[in-house]
Amino acid sequence: MSPRSYRMGQRQAEVDETRARIVAAARAHLAETGGVSLDAVARRADVARATVYYQFGSKAGLLEAVCDALAAQGGMARLAEAFTQADPWAALDRFVEVMGGFWAVDRVCTRRLRALAALDEEVGRVIADRDARRREGAAVLAGRLPDAPSDAGRLLFVLTAFETYDALAAEAEAAGAVGGGADLAVATPAVTRLVRAALGGPADGS
């Protein structure tokens with residue numbers, strides 16, 4: 001490797017480390033405060049505010065990066081497996097399972113982010129774009145079901161929302177079925193049953 005290539009690789013590694021540190025700071029700040037202050041994120045990441053703007057361009061750009069980090073950590077790449085399943089009900093089960101794993105990555109941060117989306121237009125656009133992708137995927141999978149109700153795609157979209165998993169996990173915690181702060185994926189079996197019941201599928205998962 002030439003000295004120039006080495007220096008370029010080193011600089012890129014430093015940029016990547018800085019970006020990761022800023023994203024981690026944004027996640028922590030969001031979880032703790034329920035808001036997104038670029039000044040506070042910069043202080044927490046130990047960088048200048050200008051660095052945050054240089055790396056992400058805007059608050060929306062930073063939040064896109066936060067969502068990307070959550071998706072990567074939550075294994076959203078595995079969602080493609082749902083669309084390669086030959087059996088349409090197995091495909092739905094996989095969709096529900098992957099979404100449960102994704103929502104479970106950082107329950108508090110995701111809850112704050114989605115609540116903020118209702119109050120902040122810029123955040124709202126970021127979340128709406130992400131939800132639109134899930135809505136499209138739900139429509140495709142629901143469209144493969146035999147004799148599915150006309151609103152199958154919309155039902156699948158609603159039932160695989162963060163709020164559904166969060167509420168079911170909270171009920172399980174309140175009932176003592178799981179410990180407080182449980183992994184949100186504990187709701188996946190219940191969501192699977194709800195999806196199958198709502199869309200007319202076999203209840204036993206067979």
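How far apart do the end C-alpha atoms of residues 16-74 lie? Select that span to begin: its end C-alpha atoms lie 20 Å apart, and it is 83% helix and 0% strand. Helices (H or I, at least four residues) and strands (E, at least two) are DSSP runs, numbered from the N terminus. An unreviewed UniProt entry annotates residues 16-74 as "domain: HTH tetR-type"; such annotations use the numbering used here, have shortened feature names and may be inferred rather than shown by experiment.

A word on the model: it is predicted, local features need pLDDT of at least 70, side-chain atom pairs count only at pLDDT 80 or more, and totals for chains, interfaces and linings use all residues. Residues are numbered from 1 along each chain as its sequence is written, and side-chain values use heavy atoms, without hydrogens and water.

Next, select Met76, Phe102, Trp103, Arg130 and Asp131, which lie nearest the centre of the largest pocket among its 19 lining residues. (On a 1 Å grid over the protein atoms alone, a pocket is an open set of points where a 1.4 Å probe fits, with protein on both sides within 12 Å along at least five of seven lines; lining residues have an atom within 4 Å of a point.) Helix 4 (59-73), helix 5 (88-103), helix 6 (107-117) and helix 7 (121-142) each give two or more residues to this lining. Helix 7 provides the largest share, six residues.

Finally, show helix 5 with helix 7: they pack at about 160°, axes 10 Å apart (axes are lines fitted to C-alpha atoms over the stretch in contact, and angles run from 0 to 180 degrees between N-to-C directions). The pair is therefore roughly antiparallel (over 145 degrees).

Technical notes
Angles under 35 degrees count as roughly parallel, over 145 as roughly antiparallel, 65 to 115 as roughly perpendicular and the rest as oblique.
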